[in-house]
Amino acid sequence: MSVTILGLKDYFEKLNKELCLAPNFIFGGDEAALREAIGNFGDDYMFGDFGEINSSLDGLNRMQDGFLIAITLAHPYGVNSITNDDILCDQDRLLKKMNVLKKELLKRDRCVPWLKYLQEPFQILPFIAPDISRSIGWTMPMILAGADMFDVH
């Protein structure tokens with residue numbers, strides 16, 4: 001199995017739709033495109049980003065790869081007036097959705113033992129981005145881990 005960026009995008013976009021997490025979806029590392037797209041969203045969004053790739057060989061020359069991914073569920077407030085209670089209600093609502101995603105990823109991990117999306121310890125971090133359409137929500141970083149995911153070895 002070979003992991004691709006487009007494959008990850010498709011996977012999380014489909015998962016977002018299946019679980020009805022957010023009506024808007026964006027994936028990728030282009031900050032300008034991200035800001036522009038989120039500025040046009042009027043409702044919750046799922047944002048997927050990716051980072052470093054780590055690889056190692058064990059004593060039997062088997063390759064293990066780890067690919068850092070972060071999934072954010074957030075709400076953009078834009079220029080709208082908001083109260084602290086509005087923010088807290090949205091944070092509660094989005095945290096519940098993030099836990100739905102976490103539960104589904106753990107379930108799927110059990111079905112595919114050679115590929116893991118969530119490595120312990122699990123983290124869900126507050127996401128506060130005043131520079132991205134005043135967005136507030138939660139981010140779950142994860143390491144997609146598997147054997148030779150990029151067909152190198």
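Phe25 is buried, at a relative accessible area of 17%; buried here means under 20%, exposed means over 50%, and partly exposed lies in between, with a 1.4 Å probe and protein chains only. This is a predicted model, where local features need pLDDT of at least 70 and side-chain atom pairs count only at pLDDT 80 or more, while totals for chains, interfaces and linings use all residues. Residues are numbered from 1 along each chain as its sequence is written, and side-chain values use heavy atoms, with hydrogens and water left out.

Back to the rings. A pair of aromatic rings is described by the distance of the centres and the angle of the planes. Rings of Phe, Tyr and Trp, the last by its six-membered ring, pair if their centres lie within 6.5 Å; planes under 30 degrees apart are stacked, over 60 edge-to-face, and the rest tilted. By this rule there are five aromatic pairs. One of them joins Phe25 and Phe27, stacked, with 6.4 Å centre to centre and 15° between the planes. Phe27 is buried too, at 13% relative accessibility. Phe41 and Tyr45 form a tilted pair, at 5.8 Å and 45°. Phe41 counts as buried at 16%, and Tyr45 at 1%. Phe25, Phe27, Phe50 and Phe67 form one aromatic cluster.

Next, the cores. A nonpolar core is a set of buried Ala, Val, Leu, Ile, Met, Phe, Trp, Tyr and Cys residues joined through side-chain atoms within 4.5 Å. Which residues of the largest nonpolar core touch the most other members? They are Phe12, Met46 and Leu101, out of 20 residues. At least two residues of this core come from each of α1 (5-19), β1 (24-27), β3 (63-76), α3 (84-111) and β6 (135-147). Helices (H or I, at least four residues) and strands (E, at least two) are DSSP runs, numbered from the N terminus. A second, separate core has ten residues, including Ile38, Phe47, Ala129 and Ile132.

Now the helix pair. α1 and α3 pack at about 120°, with their axes 11 Å apart; axes are lines fitted to C-alpha atoms, for helices over the stretch in contact, and angles run from 0 to 180 degrees between N-to-C directions. On the α1 side the contact is made by Tyr11, Phe12, Leu15, Glu18 and Leu19, and on the α3 side by Val100, Leu101, Glu104, Leu105 and Arg108. Contact means heavy atoms within 4.5 Å.

Leu73 lies in strand β3 and is buried, at 0%. Leu73 and Ser135 are 62 residues apart in sequence but 9.6 Å apart in space, C-alpha to C-alpha.

Asp44 sits in the loop between α2 (31-40) and β2 (45-57). Is Asp44 buried or exposed? Asp44 counts as buried, because its relative accessibility is 2%. The side chain of Asp44 makes a polar contact of 2.7 Å with the side chain of His75. A polar contact is a pair of N or O atoms within 3.5 Å; within protein, one must be able to donate a hydrogen and the other to accept it, and residues adjacent in sequence count only if both atoms are side-chain atoms.

Last, two backbone angles. Phi of Cys20 is near 50°, a positive value in a residue other than glycine. Cys20 lies in the loop between α1 and β1 and is exposed, at 60%. Phi of Ser133, also not a glycine, is positive, near 55°. Ser133 lies in the loop between β5 (125-129) and β6 and counts as partly exposed, at 21%.
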